[in-house]
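Subject: Structure for you to look at

Hi,

Here is the structure I promised to send over. My notes on what I found follow below it.

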Amino acid sequence: MTTTPALASTREELAALLADARRSGDRIAFVPTMGALHEGHASLMRTARDATSGPVVVSIFVNPMQFAAGEDLDRYPRTLDADLEVCAVEGVDVVFAPSVEEMYPGGFSHDSVHESVTVAPGTLATILDGASRPGHFDGVLTVVAKLFGLVRPDVAVFGQKDYQQLALIRRMVRDLCMGIEIIGAETVREADGLALSSRNRYLDADQRRTAAALSRALRAAQERAAYGVPAARWAAMSVLNVEPGLELDYLALTDVDLGEAPETGEGRVLVAARVGSTRLIDNVAVRFDRVVAPAGTATAAPTTP
C-alpha cells in the first residue's frame with residue numbers, strides 16, 4: 001500500500017510540514033528534481049530513503065534560470081500528477097512543488113536576475129556543458145542553494161548522469177560551508193544502455209537507436225582505458241564518428257574532479273551530443289593505466305570536438 005506524500009507549494013507550507021522533524025532532530029533527506037520523473041529519479045529516492053529514518057523530501061521545479069533563450073524550457077514536460085504517483089510508490093514524505101513566483105519573488109526574467117543575489121559557480125562551470133550552455137550552472141547552483149535554504153536537508157542525493165552538476169554542487173557545499181552530505185547515485189540505464197533522461201521522450205525510434213551510441217562509446221572507452229588516455233579516446237571516437245544523425249558536442253576524458261586526465265588512476269569520460277533537436281549527456285567512471293597494447297592495436301585518438 002502506498003501513501004500519497006504531503007504536497008507543499010509555498011515556503012510556509014513546506015516549513016510547517018517539516019517542523020516536527022526539525023524539532024525532533026530527525027535527519028532530512030532531499031532529492032531536487034525538475035519533474036517528469038522516471039526510474040532514474042525513483043532510484044535517487046530509494047537512495048535518500050536508505051540514508052535516513054526521517055523524512056524524504058522531493059522538489060519538483062522547472063527552473064527557468066538554467067535555460068537560455070532558445071532552449072527547451074517551454075516544452076520541458078510538466079507531469080505533476082504522475083510525478084506524485086512515483087513519489088508515493090517510493091515512500092516520499094513531502095513533495096515541494098513551488099511556482100516560479102515562489103522561488104523568484106516578483107517573477108523571473110533573465111534581465112532582472114542580474115539585479116538579484118545569485119551563486120557564481122567559478123571556472124569549473126565554463127568547461128564542458130558550461131561552454132555549450134553559458135550561464136546554465138549559475139542557474140543550477142542558485143536554485144539548488146535556494147532549495148537547500150528552504151528544505152535545510154542533512155543529506156541530498158543527485159544523479160551521476162549530470163556529473164559536472166554533481167561536481168559543482170559538491171564544491172558549492174564545501175566552499176559555502178553548507179554542511180550537507182552530498183550523495184552521487186549511479187546512473188540508471190535503459191536495456192540498450194541509454195541513460196534515463198526526461199529528454200529521451202523527445203526521441204523517435206530511429207533517434208533512440210542513434211542515441212544509444214553514446215553509451216556504446218563510453219563502454220568502449222572503459223574497455224580501452226587500461227591502455228591509456230589516447231587509446232580510450234580513440235575507442236570512443238571510433239564509435240561516435242560512424243554514427244549518422246549524431247552531432248557531437250564534446251568528448252572529454254578527465255580526472256574525477258574534471259581536471260586533466262591522469263596517466264594512471266581514476267577518471268571520467270563524458271560525452272554530450274545532439275540527436276535531432278534533443279541534446280543528451282552521459283558519462284562513466286574509468287581507470288586509466290599504461291598497459292602496453294597488443295601489437296597492431298590502434299591507440300591514437302582521432303580529432304575530437
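A definition to begin with: axes are lines fitted to C-alpha atoms, for helices over the stretch in contact (heavy atoms within 4.5 Å), and angles run from 0 to 180 degrees between N-to-C directions. Helices (H or I, at least four residues) and strands (E, at least two) are DSSP runs, numbered from the N terminus. This is a predicted model, in which local features need pLDDT of at least 70, side-chain atom pairs count only at pLDDT 80 or more, and totals for chains, interfaces and linings use all residues. Residues are numbered from 1 along each chain as its sequence is written, and side-chain values use heavy atoms, with hydrogens and water left out.

Now the sheet. Three strands form an open, antiparallel sheet in the order E7-E8-E9, where pairing takes at least two DSSP bridges. E7 (246–255) and E9 (278–288) are its edge strands, and the twist from one strand to the next averages 15°. Nine bridges join E7 to E8 (residues 265–275), and Ala252 stands opposite Leu270 in E8. Helix H9 (residues 213–224) lies across E7, E8 and E9, at about 15° to E9.

Next, the cores: sets of buried (under 20% relative accessible area, 1.4 Å probe, protein chains only) Ala, Val, Leu, Ile, Met, Phe, Trp, Tyr and Cys residues joined through side-chain atoms within 4.5 Å. The largest has 43 residues, and H6 (136–151) gives the largest share, nine residues. A second, separate core of 30 residues includes Ala213, Met237, Leu253 and Val284.

Best wishes

Methods
Buried < 20%, exposed > 50% of the residue type's maximum accessible area, 1.4 Å probe, protein only.
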